[in-house]
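I opened my notebook to get to know a new structure. Here is what I looked up, entry by entry.

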Amino acid sequence: MRFFVPLFLVGILFPAILAKQFTKCELSQLLKDIDGYGGIALPELICTMFHTSGYDTQAIVENNESTEYGLFQISNKLWCKSSQVPHSRNICDISCDKFLDDDITDDIMCAKKILDIKGIDYWLAHKALCTEKLEQWLCEKL
């Protein structure tokens, strides 16, 4: 029984260790190289990520026919492979689980493909919430 409690605590804490909750400024720093990519300004992208995932790398949203993963809420219907949708087109050629860790390099690569193919309006939050008053999404620390 004495071993059960530490093992139980490790099981509870381990997923939290892998998660990363970014701040606006941290994310701005990481995404500054794609500022202007596809005609999208960095504040628009930062705003969209906030309203999409709350800057949380472990955000998962279940829909009727698909699941969206990670910081960019990338769907397993077209963009990544999961057991839920075995016949996904997997355009980004990656397992959806890779979008749930704190290394967002592969997330950014897939997001760029999405921007190339679908544009920023792939993320519904953009059009509704991130087209005006974008100065609040700037980070002065850059």
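Which residues of helix α2 (residues 24-31) are buried? I looked them up and noted Leu27, Ser28 and Leu31. I should say at once that I am reading a predicted model.

**Entry: the sides of α2**

I then checked how these buried residues sit around the helix axis. They cover an arc of only 105°, so they lie on the same side of α2. Next I asked what covers the buried residues of α2.

**Entry: α3**

My next stop was α3. I compared its length with what a helix should give: at 1.5 Å a residue, its twelve residues should span 16 Å. The end C-alpha atoms of α3 are 16 Å apart, so the two values agree.

How many of the twelve residues of α3 are buried? I got ten, so α3 is largely enclosed by the rest of the structure. For this I took buried to mean under 20% relative accessible area. I wrote down the names from one end of the helix: Leu42, Pro43, Glu44, Leu45, Ile46, Cys47, Thr48 and Met49, then Thr52 and Ser53. The cover over these buried residues includes α2 and α5 (124-129).

I also looked at what follows α3, and it is Gly54. Gly54 has a positive phi, near 70°.

**Entry: the sheet**

I turned to the strands. Three of them form an open sheet in the order β1-β2-β3, and the pairing is antiparallel. The edge strands are β1 (60-62) and β3 (74-75), each of which pairs on one side only. As a reminder to myself, strands of a sheet pair through backbone hydrogen bonds.

I followed one pairing further. Strand β2 (residues 67-69) and β3 pair in the antiparallel sense over two bridges. What is the bridge partner of Glu68 in β3? I found Ser75 there.

**Entry: Thr67**

I kept my last entry for a residue of strand β2, Thr67. Is Thr67 buried or exposed? Its relative accessible area is 1%, so I put Thr67 down as buried.

I went on to list what Thr67 touches, leaving out residues up to four places away in sequence. The list reads Ile60, Val61, Glu62, Ile74, Ser75, Asn76 and Gln84. With Glu62 there is also a polar contact, side chain to side chain, at 3.1 Å.

Definitions and conventions:
Residues are numbered from 1 along each chain as its sequence is written. This is a predicted model: local features need pLDDT of at least 70, side-chain atom pairs count only at pLDDT 80 or more; totals for chains, interfaces and linings use all residues. Side-chain values use heavy atoms; hydrogens and water are left out. Two strands pair if DSSP finds at least two bridges between them. Helices (H or I, at least four residues) and strands (E, at least two) are DSSP runs, numbered from the N terminus. Buried means under 20% relative accessible area, exposed over 50%, partly exposed in between (1.4 Å probe, protein chains only). A polar contact is a pair of N or O atoms within 3.5 Å; within protein, one must be able to donate a hydrogen and the other to accept it, and residues adjacent in sequence count only if both atoms are side-chain atoms. Contact means heavy atoms within 4.5 Å. The arc is that of the directions from the helix axis to the C-beta atoms. The expected span of a helix is 1.5 Å times one less than its number of residues.
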